[in-house]
Amino acid sequence: MANNSSLILYFSRNRGLFKTFFFIPTTLALLSTLFILFYISTTSHLFFNHHQRHHQHKLTPFILKNNPLPPPLKSSPVLVSLLNVSNNSHGDGRVRNQRSVNAPMEANGNSVNTEVFHDRDIFLEDYKQMNRSFRVYVYPHRRNDPFANVLLPVDFEPRGNYASESYFKKVFMKSHFVTKDPSKADLFFLPFSIARMRHDRRIGTEGIPDFISHYIFNISQKYPYWNRTGGADHFYVACHSIGRSAMEKAWEVKLNAIQVVCSSSYFISGHIAHKDVSLPQIWPRQEDPPKLGSSKRNKLAFFAGAVNSPVREKLLQVWRNDSEIYAHSGRLKTPYADELLGSKFCLHVKGFEVNTARIADSLYYGCVPVIIANHYDLPFGDVLNWKSFSIVVATLDIPLLKKILKVISSEEYLLLQSNVLKVRKHFQWHVFPSDYDAFYMVMYELWLRRSSVRVQWSTSLDSNW
């Protein structure tokens, strides 16, 4: 009885304390709710009239006859080809600075950038400087190395979904960017191939982390270059998603080195935007892109693919039986290329990862890509203005997809598609690289990430290793 009286007396004297314990979690719950609502409101159209929101950012195509082109920077063949303006509505035309003359305006008075580059003039000038001065040292390996199949370029033409990894190394090793003098190197290339390791029975998927850990240890013991920066001026290239877990036993690679990867998501802890590079996943095609003058795009949108993610499940659930948005799972009855050529918009929908080859497929066939993959760090985002040639839709807005696409006017669509035709050359691999193709664009992204101050190393110290 005495104990009960003591408890009652304690509670009566400490009412403020218990009010505080009640108030704190309630406040935290309220703040969390407000944060969630703010996030949804800024990434979704559910709380707004989409028609009004869209026209606040309406894009108006430039009228060339009222907006003359300034002269080219220089009359080099490369720049002339980049600046040529076609006589039809899908030409590869205009220069960056024209938006300051008759640029479309937002409701708040700011001009809308409808050009495919964030800053075309800076890109072209930097591109020339990169070609002149950018150099990379590759850790040397001989053909009789037991793992030459992993460390050297393939001796065949790369194929398949993850060909970007092999294409880069094959082209890079024969390029003028390679130097045999490490003192002249801006960056150092770690030449192991994740894709080749997967298919090597001596390594396999489970053995990849150990292989990379041992590789980093070996080069750090044999050469001085890794240790002097902790790997910050090193990079590797991987397109398969297994590349993420490949660094589980080599955290210094993940945290310090430049990761050139296809699976580039802001949501993944191992991906560090602006340090790492988003590698485009491209199904290799050697023939020139099709001419689109005769293509009739009668379908509003198209998607085909395996249902291997909640995002795709939602897409199929909402739009499987729609007459304007063609969403398919399983094998198509018609050629894939015909579906892309017959659709105005082509859907890139997150599967196991944020990346697929569908963006490059869309661009190749002149179809405007619609990207439904939250947190995707899009390829060449430092250079290309993705808003000028694609539509990004939050996964939460899948039920509003038709409304989002239909509110785009014919004039706006023609501008988007015109820009698609301008950028698609940046998403193609060639055995013999062509200016501004995927290889040169990846090299430019690497060039942007080089250190502005090259680490100097004493030649006497270098000879001791």
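I started with S390, which lies in the loop between β10 (368–372) and β11 (391–392). Helices (H or I, at least four residues) and strands (E, at least two) are DSSP runs, numbered from the N terminus. This is a predicted model, where local features need pLDDT of at least 70, side-chain atom pairs count only at pLDDT 80 or more, and totals for chains, interfaces and linings use all residues. Residues are numbered from 1 along each chain as its sequence is written, and side-chain values use heavy atoms, with hydrogens and water left out.

Is S390 buried or exposed? I find S390 at 5% relative accessibility, so it counts as buried (under 20% relative accessible area is buried, over 50% exposed, in between partly exposed; 1.4 Å probe, protein chains only). Its side chain reaches the backbone oxygen of W386 at 2.7 Å. I then listed contacts (heavy atoms within 4.5 Å). Leaving aside neighbours within four places in sequence, S390 touches V368, P369, I371 and L416.

Next I traced the sheet that holds β10 and β11. I read an open sheet of five strands, ordered β8-β7-β9-β10-β11, with parallel pairing (two strands pair if DSSP finds at least two bridges between them). β8 (325–328) and β11 are the edge strands, each pairing on one side only. β7 (residues 299–304) pairs with β8 in the parallel sense over four bridges.

Helix α14 (residues 310–319) touches β7, β8, β9 (343–349) and β10, and its direction makes about 130° with that of β8. Axes here are lines fitted to C-alpha atoms, for helices over the stretch in contact, and angles run from 0 to 180 degrees between N-to-C directions. Helix α18 (residues 410–423) touches β9, β10 and β11, at about 95° to β10.

Then I turned to the other sheet. Six strands form an open sheet with parallel pairing, in the order β2-β1-β3-β4-β5-β6. β2 (178–179) and β6 (277–278) each have a single partner strand, so one side of each is left without a neighbour in the sheet. β3 (residues 187–189) and β4 (residues 234–238) pair in the parallel sense over two bridges. F188 stands opposite H234 in β4. Helix α8 (residues 163–172) packs on the sheet and touches β1 (136–138), β2, β3 and β4, with its direction at about 130° to that of β4. Helix α19 (residues 438–448) lies across β1, β3, β4, β5 (258–261) and β6, running at about 160° to β5.

Definitions and conventions
Polar contact = N/O pair within 3.5 Å; in protein donor to acceptor, adjacent residues only side chain to side chain.
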